[in-house]
Amino acid sequence: MNLVIDCFKQVKGAGKSIGIYNLAKSITCHLGERALEEAKRKGDADRKGGRKNGGDSDTIIVLGNAHNREEFDVPGVVFVEVKGNPLNKLYCIFWELFLVRKYAKRYQADRVLFPRGYRPIGRKGSIGIRKGGRKIKDTILIHDLIPFYYDKHYPGFFNRLENAYIMYRLKVSMKKADRIITISGYSKEDILDKAPFCGKKIKIIHNGLNDVSYHTEKGKGAAEKGEGDYIVAMTSGLPHKNAKGVLRAYEAYYKKASQPLRLVVIGIEGISFYKEMEPEAAAHVECHKFFQGFDEVCRVVAGAKAYLFLSYVEGFGFPPLEAMQMGVPVVCSDRSSLPEVVGDAGILVNPDDMEEAAKALIRVTEEDEVREGLIKRGYENIKRFSWESRTDLYWEELFR
């Protein structure tokens, strides 16, 4: 069987989400490893039975570009560098609507995986006919439906025409795709709200966790975990990330705590999201728009006493799980997919209830029993998201 994975539009740092890029890369790498294992297993079985390989091997073809070749051209896959410009919006629209179908036929695809969620137009249940008359099936990967969330709650924040086009493309893709993979039960319910008759073709596969170890002067992952005198929060300037809520929650915590810790915020340049913040609390807030490397992000997170994440909507929600991987107790929003992913391994709070968030931060930073219990449950929780188990699910879904 030939599986084609459409990664042409994946360019690190381009677009609104690094999450889609990282997931597409992880799927490609892990499926490539599995393809090598399967080829060896079949080869050993053929040799043992005195047979020649019957040509039933599974092949993975990745349609990529010059920008992502270094990370997507991995063992176990056939990498095809498409010559068009993935940073040109008009070319990308033309690619998604028409060109990718031609490449699927050219490389004799049996199935095409679209990690960005958009399939070519037309042909419900098939994107074309390959040589020999066999239909080419397609699977789309839906991370979330945040464009619909913005259309409802923050109309005009993004370009209205572009957002309308994205919503249209997603709706058509969900209705016409042969199969849909999504990353949480929350996202599945969101899909069914927009495309009610898709239930039988949806498969939930939670994201897998990648390595969050980091290098310091003391060696890999050698920072003193939990010894920093601060709380760390991850947010951004996008409204659904609730940067103002993070600052308001810290202000409430600062007033209540007997010995308040400072706050380190990753993702914003300053406290302009909450200009009314009391000066005394504001003086204890340190903001970083970004860090040069992921090692530095991990070092800062690993050293914190607590991790605060108050997003309104997430298709999955990597950040709290990454904090758990580093042994940091989590205070997290109780919205969207986050209760499903965090479970009882974090303290879930209403992201608009600052008093509730403040009390949770005090418990985590001042009560050793609470803190140690959350750290222990966090380590147990992340076991649900191993890439070994994710790869099994993807392989079964795409090569069955």
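The largest cavity in this predicted model is lined by Asp6, Phe8, Lys9, Trp95, Glu96, Phe114, Pro115, Arg116, Gly117 and Tyr118. Residues are numbered from 1 along each chain as its sequence is written. Local features need pLDDT of at least 70 and side-chain atom pairs count only at pLDDT 80 or more, while totals for chains, interfaces and linings use all residues, and side-chain values use heavy atoms, with hydrogens and water left out.

**The cavity**

- A cavity here is a set of points, on a 1 Å grid over the protein atoms alone, where a 1.4 Å probe fits but cannot get out, and its lining residues have an atom within 4 Å of a point.
- The structure holds one cavity of 30 Å³ or more, and the largest cavity has a volume of about 60 Å³, a volume being the space filled by probe spheres set on grid points that are joined across faces, edges and corners.
- The lining divides into five nonpolar, one polar and four charged residues, where Ala, Val, Leu, Ile, Met, Phe, Trp, Tyr, Cys and Pro count as nonpolar, Asp, Glu, Lys and Arg as charged, and the others, Gly among them, as polar.

**Helix H6**

- Helices (H or I, at least four residues) and strands (E, at least two) are DSSP runs, numbered from the N terminus.
- In helix H6 (residues 185–194), the buried residues are Ser187, Asp190, Ile191 and Lys194, buried meaning under 20% relative accessible area, exposed over 50%, and partly exposed in between, with a 1.4 Å probe and protein chains only.
- These residues lie on the same side of H6 because they cover an arc of only 100° around the axis, an arc taken from the directions from the helix axis to the C-beta atoms.
- On the other side of H6, Glu189 and Asp193 are exposed.

**Phe316**

- Phe316 sits in the loop between strand S14 (306–309) and helix H10 (318–325), and Phe316 is buried, with a relative accessible area of 2%.
- Leaving aside neighbours within four places in sequence, the residues in contact with Phe316 include Ile183, His206, Leu338 and Phe385, contact meaning heavy atoms within 4.5 Å.

**Cysteines**

- A search of the whole structure finds zero disulfides, a disulfide being a pair of cysteine sulfur atoms within 2.5 Å.
- The sulfur of Cys92 is 13 Å from the closest cysteine sulfur, in Cys7, and is therefore too far for a bond; Cys92 is buried at a relative accessible area of 3%.
- For Cys298, the closest cysteine sulfur is in Cys29, 18 Å away and too far for a bond, and Cys298 counts as buried at 0% relative accessibility.

How values were computed: On a 1 Å grid over the protein atoms alone, a cavity is a set of points where a 1.4 Å probe fits but cannot get out, and a pocket is an open set with protein on both sides within 12 Å along at least five of seven lines; lining residues have an atom within 4 Å of a point.
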